[in-house]
Amino acid sequence: MFLGHFAAGLAAKRVAPALSLGALFAAAQGADLLWPNLLLAGAERVEIRPGLTAVNPLDFVSYPWSHSLAALALWGAAAALAVRALGFGWRAAAVIWAAVVSHWLLDVASHVPDLPLAPGLAARLGLGLWHSRPATLVVELGLLALGLALYLRTTRARDGIGRFGLAGLVALLVGIYLASFYGPPPPDTRVLAWSAQAVWLFVALGWWVDRHREPRAPGRTPSRSPA
Ligand SMILES: [Zn+2]
């Protein structure tokens, strides 16, 4: 899954408005931020096999440290403690944990059975949404629309960057997704790993756009007086 993870980050803003969208993107996409680096380090393995599913040509041979349920629960706990250490409340910490773990649940929907429960365990889960191109598009775009709607109900633009920057971020997300959906498979795993680092760009964009938006709820408006 790709857009669905960003949707989770957008939606999480409703539950933890104090957290930046950049942090929420980083949490919901934590697994896919780690994964390319573990690939480049040789700690995890992927193979490109065009036709493996109707949507995705990647055979996730081994990725227990970035994509097992147990590892993500631990990464999530570490991220939640970091958020607490930065002075946020337990609610924000719990949202960060849930966002990190949500990656596994959403990937289970998309992937063929290749998602491990824990490093060292043989069991693999996956519901195989990727076998259907139309269903994948409907779910990915539908989730993004839902997440965006929640984010827009939670925040409002403070200036042009808050408004048009957000529109640009969403357009770029959808553009990159459709380019990979309709485009050729990556030429090799190295190119794949480096292009997967693009997720960092969206963490930065999320952080930037979010700074130019503010909570909508009347009780939560910033303390700046409108004088
Ligand atoms: Zn993933």
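Predicted model: local features only at pLDDT ≥ 70, side-chain atom pairs only at ≥ 80, totals over all residues.
Beyond its neighbours within four places in sequence, Ala31 is in contact with Ser66, His67, Leu72 and His103. Phe88 is 57 residues from Ala31 in sequence, and the two C-alpha atoms are 22 Å apart in space.

## Helix 2 and its surroundings

Helix 2 covers residues 21-28, and seven of its eight residues are buried, so this helix is largely enclosed by the rest of the structure. The buried residues are Leu21, Ala23, Leu24, Phe25, Ala26, Ala27 and Ala28. They pack against five helices, namely helix 1, helix 3 (30-41), helix 5 (69-85), helix 6 and helix 10 (198-210).

One of these residues, Leu24, can be followed in detail. When residues up to four places away in sequence are not counted, Leu24 touches Gly9, Ala12, Lys13, Leu19 and Ala99.

## The packing of helix 2 with helix 6

Two packed helices are described by the angle between their axes and the distance between the axes. For helix 2 and helix 6, the axes come within 7 Å and cross at roughly 40 degrees. The two helices are therefore oblique to each other.

On the side of helix 2, the contact is made by Leu24, Ala27 and Ala28, while helix 6 supplies Ile96, Ala99, Val100, Ser102 and His103. Sorted by class, this contact of helix 2 with helix 6 has six nonpolar residues, two polar residues and no charged residues.

In soluble globular proteins, nonpolar side chains tend to be buried together. In this model, the largest nonpolar core has 53 residues, and those with the most contacts inside it are Leu24, Ala27, Ile96, Ala99 and Val100. Helix 6 provides the largest share of this core, with 11 residues.

## Helix 1 against helix 6

Helix 1 (residues 3-15) and helix 6 (residues 90-110) have axes that come within 10 Å and cross at roughly 155 degrees. Helix 1 is therefore roughly antiparallel to helix 6, a description that applies to angles over 145 degrees. The crossing of helix 1 past helix 6 is right-handed.

From helix 1, the residues Gly4, His5, Ala8, Gly9, Ala12 and Val15 meet Val95, Ala99, Ser102, His103 and Leu106 of helix 6. The contact of helix 1 with helix 6 comprises six nonpolar, five polar and no charged residues.

## Helix 1 against helix 7

Helix 1 also packs with helix 7 (residues 133-154), at an angle of about 20 degrees and with the axes 7 Å apart. Helix 1 is therefore roughly parallel to helix 7, as angles under 35 degrees are described in this way. Here helix 1 passes helix 7 in a left-handed crossing.

The residues of helix 1 in this contact are Leu3, Gly4, Phe6, Ala7, Ala8, Leu10, Ala11, Lys13 and Arg14. Their partners in helix 7 include Val139, Glu140, Leu141, Leu143 and Leu144, together with Tyr151 and Thr154. By class, the contact of helix 1 with helix 7 has 14 nonpolar, three polar and three charged residues.

## Two partly exposed residues

Arg45 is found in strand 1. Arg45 counts as partly exposed because it has 13 C-beta neighbours inside 10 Å, and a residue would need 12 or fewer to be exposed. When residues up to four places away in sequence are not counted, Arg45 touches Val61 and Ser62. Arg45 and Ala28 are 17 residues apart along the chain, and their C-alpha atoms are separated by 21 Å.

Ala54 lies in the loop between strand 1 (45-48) and strand 2 (58-62). With 15 other C-beta atoms within 10 Å, Ala54 is likewise partly exposed. Apart from its neighbours within four places in sequence, Ala54 is in contact with Trp130, His131, Ser132 and Arg133. Leu3 is 51 residues from Ala54 along the chain, and their C-alpha atoms are separated by 17 Å.

Conventions: Residues numbered from 1 in each chain as written. Axes fitted to C-alpha atoms, helices over the stretch in contact; angles between N-to-C directions. Helix = DSSP H or I, 4+ residues; strand = E, 2+ residues; numbered from the N terminus. Parallel < 35°, antiparallel > 145°, perpendicular 65-115°, else oblique. Left-handed = near helix turned anticlockwise from the far one by under 90°. Contact = placed C-beta atoms within 7 Å. Nonpolar A, V, L, I, M, F, W, Y, C, P; charged D, E, K, R; others polar. Buried ≥ 20, exposed ≤ 12 C-beta atoms within 10 Å, placed from the backbone. Core = buried A, V, L, I, M, F, W, Y, C linked by C-beta atoms within 7 Å.
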